[in-house]
Amino acid sequence: MIRKFDFLVIGGGVAGMSFALKVANSGKGKVALVCKTTLDETNTSKAQGGIASVTNLKVDNFEKHIEDTMIAGDFISDRNAVEHVVRNAPKAIDDLVKWGVNFDKTPEGQFDLHREGGHSEFRILHHKDDTGFEIQRGLMNAVRTNKNITVLENHFAVEIITQHHLGIEVTRKTPDIECYGAYILDPDTHKIDTFLSRVTLMATGGTGAVYATTSNPNIATGDGIAMVYRAKGTVKDMEFVQFHPTVLYNPAETHPAFLITEAMRGYGGVLRLPNGEEFMQKYDKRLSLAPRDIVARAIDREMKLHGLNHVCLDVTHKDAEETKKHFPHIYAKCLTIGVDITKEYIPVCPSAHYMCGGIKVDLNGESSIHRLYAVGECSCTGLHGGNRLASNSLIEAVVYAKSAAEHAVRVIDDYQFNDKVPEWNDEGTMSNEEKVLIAQDEREVGQIMSNYVGIVRSDLRLHRAWKRLDLLYEETEELFKRVKATRDICELRNIINVGYLITRQAIERKESRGLHYTVDYPKHAYDL
Ligand SMILES: Cc1cc2nc3c(=O)[nH]c(=O)nc-3n(C[C@H](O)[C@H](O)[C@H](O)COP(=O)(O)OP(=O)(O)OC[C@H]3O[C@@H](n4cnc5c(N)ncnc54)[C@H](O)[C@@H]3O)c2cc1C
């Protein structure tokens, strides 16, 4: 089946919905918003801390937020992108409020601002401790009630459509690659439909599920990044993967793993080996209160050194009632796996949390492929550089969604639907009876990435990962040609592609910088 929408939005998190709402009211045509599961299953709805914006001009200013972001990014952020996000953040907050999102306020009616690690001022807007859930709720309501937006849940985007599908050779050197829409799997017919668009937005979120343990939901398989890479678009900064130091170690729950907030270490939690030995004194004089990256690296090293699946966080020395009062969710959650945190250590391990790199875009959110924009975690605007400053990702998505929407609305009349695009051809393919292959390969990718391309890297481990991924790539591509496309095989292809990109770009960076740490090049290139 062929379907036509002026704007095709792939992804229903903060990025996709903000863009959809902007273009839907432009009078330039109809919008389809597709997401691969239900609209509420996103990284967005998991965000807890909040969203950064300078709003209290009595003590804060744009320059301070810009500087904090540059420092966090280890001075390889693109300053233009940083300025763009920081200076446009207050307007983006206005948009969210207009769309029905609530932020906590003081009794005087000002935003109640938090301060987080790396921020020199109080500038984090929040809604209790479930800001992302509130943003998702507000935007879902606005999107569902907008008559110009058709929401298509459980629709899986398989590939974007370019000249390649018209039989024209497209390489990474082809100057004018164009996107004409996407091939999308219909959940009812199990057939792949052709969605033609005049403008397409990629807003497919993060890549955490490429690793064995992640704080991201299952959907975070980096589909958009893989699709754009396969279509010969530019993908950048993939080596910069942010790991959260402490999620609950629970082999039954790895996607998403339950976050043990860093506030627990602030409360007095002590990191220990399972035998009770402390280890942070070997790494940083701030001990368990050291910054996120240092703690994650220390835990990773101790786990590798002792062959452990986890280390422990100890709050047993704190008053039991205080602990239950401060951390009721964590207390209840740990009880479900038989751990009473007032009496026993919490088993914790690091997990993949945020992808700083992705589809390279300019200040308009436009990718290297014409008619294709990318916004949110799947994009690489240059804001984060080597590391993301806390709470900068939600705001980046809203600011760039607006820039991309404004640009797309300005240029859309130059683009027509391409009616020459052929329908998806799956002649000669059969149903895949070998589900075990996919499940096993997915596990293997997770293990390879966590063990060889994790927090601490080396040339040896990276090259080993590359070789293993190469083999999985060959086998999976061969299987993909033979069987009917389903969500699981498509996701497997995507995590292999994304794993490959992280590994290759990590091999190319011959220095330790930001989130990329390698024992072979322990210093910045400029220090050498
Ligand atoms: C536990 C946790 C806490 C966080 N806390 C914060 C915080 O406090 N502040 C902050 O700024 N950031 C935080 N982040 C990061 C932030 O939540 C994300 O970066 C951001 O929400 C990403 O939004 P997005 O719209 O790009 O993607 P998502 O919200 O992940 O949405 C992705 C969408 O793409 C769809 N999709 C994916 N692939 C396909 C496909 N093939 N076909 C169709 N649809 C597809 C999905 O169905 C989904 O609708 C946190 C993240 C996590 C996991």
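Q: Which side chain has an N or O atom 2.8 Å from a nitrogen atom of the ligand?
A: That's aspartate 223, whose side chain has an N or O atom 2.8 Å from a ligand nitrogen. Bear in mind that this is a predicted model.

Q: Okay. Which residue puts a backbone N or O atom 2.9 Å from a nitrogen atom of the ligand?
A: Alanine 157 does that, with a backbone N or O atom 2.9 Å from a ligand nitrogen. There's also arginine 388, which has a polar side-chain atom 3.2 Å from a nitrogen atom of the ligand.

Q: And how many residues are around the ligand?
A: There are 38 of them, and Gly12, Thr44, Gly50, Glu377 and Ser393 come nearest.

Q: Where does glutamine 242 lie?
A: In strand S10, which covers residues 241-248.

Q: Is glutamine 242 buried or exposed, and why?
A: Glutamine 242 counts as buried, because its relative accessibility is 3%, and the cut-off for buried is under 20%.

Q: What else is glutamine 242 in contact with?
A: If you skip its neighbours within four places in sequence, the list is Arg292, Ser351, Ala352, His353, Tyr354, Asn387, Arg388 and Leu515.

Q: What lines the largest cavity?
A: Glutamine 242 turns up again here: the lining is Val241, Gln242, Phe243, Arg292, Asp293, Ala296, Arg297, Ile455 and Leu515. The elements giving two or more residues to that lining are S10 and helix H7, residues 292-306. H7 gives the most, with four residues. By class, you get five nonpolar, one polar and three charged residues.

Q: And which residues line the second largest cavity?
A: His190, Lys191, Ile192, Trp424, Asp426, Lys484 and Ala485. That lining splits into three nonpolar, one polar and three charged residues.

Q: Let's do pockets. What volume does the second largest pocket have?
A: About 870 Å³. The second largest pocket is lined by 37 residues, with Tyr211, Ala212, Thr213, Gln447 and Ser450 lying nearest its centre.

Q: Which element gives the most to the lining of the second largest pocket?
A: Helix H11 does, with seven residues. H11 runs over 435-452, and it is one of the elements that each supply at least two lining residues, along with S10, H7, strand S13 (346-355) and helix H13 (487-508).

Q: What's the lining of the second largest pocket like by class?
A: It has 17 nonpolar, 13 polar and seven charged residues.

Q: Now helix H2. Which residues in H2 are buried?
A: H2 spans residues 62-72, and its buried residues are His65, Ile66, Asp68, Thr69 and Met70. The buried residues of H2 pack against strand S3 (51-52), helix H3 (79-98) and helix H10 (392-411).

Q: What caps the N-terminal end of H2?
A: Asparagine 61: one of its side-chain oxygens lies 3.1 Å from the backbone nitrogen of glutamate 63. Just after H2, aspartate 74 has a positive phi of about 60°.

Q: Last one: which peptide bond is cis, from histidine 255 to what?
A: To proline 256, with omega near 5°. Proline 256 lies in the loop between S10 and helix H6, residues 263-266.

Methods
Residues numbered from 1 in each chain as written. Predicted model: local features only at pLDDT ≥ 70, side-chain atom pairs only at ≥ 80, totals over all residues. Heavy atoms only, no water. Buried < 20%, exposed > 50% of the residue type's maximum accessible area, 1.4 Å probe, protein only. Contact = heavy atoms within 4.5 Å. 1 Å grid on protein atoms, 1.4 Å probe; cavity = no way out; pocket = protein on both sides within 12 Å on 5 of 7 lines; lining within 4 Å. Nonpolar A, V, L, I, M, F, W, Y, C, P; charged D, E, K, R; others polar. Polar contact = N/O pair within 3.5 Å; in protein donor to acceptor, adjacent residues only side chain to side chain. Near = heavy atom within 4 Å. Points joined across faces, edges and corners; volume = space filled by probe spheres on them.
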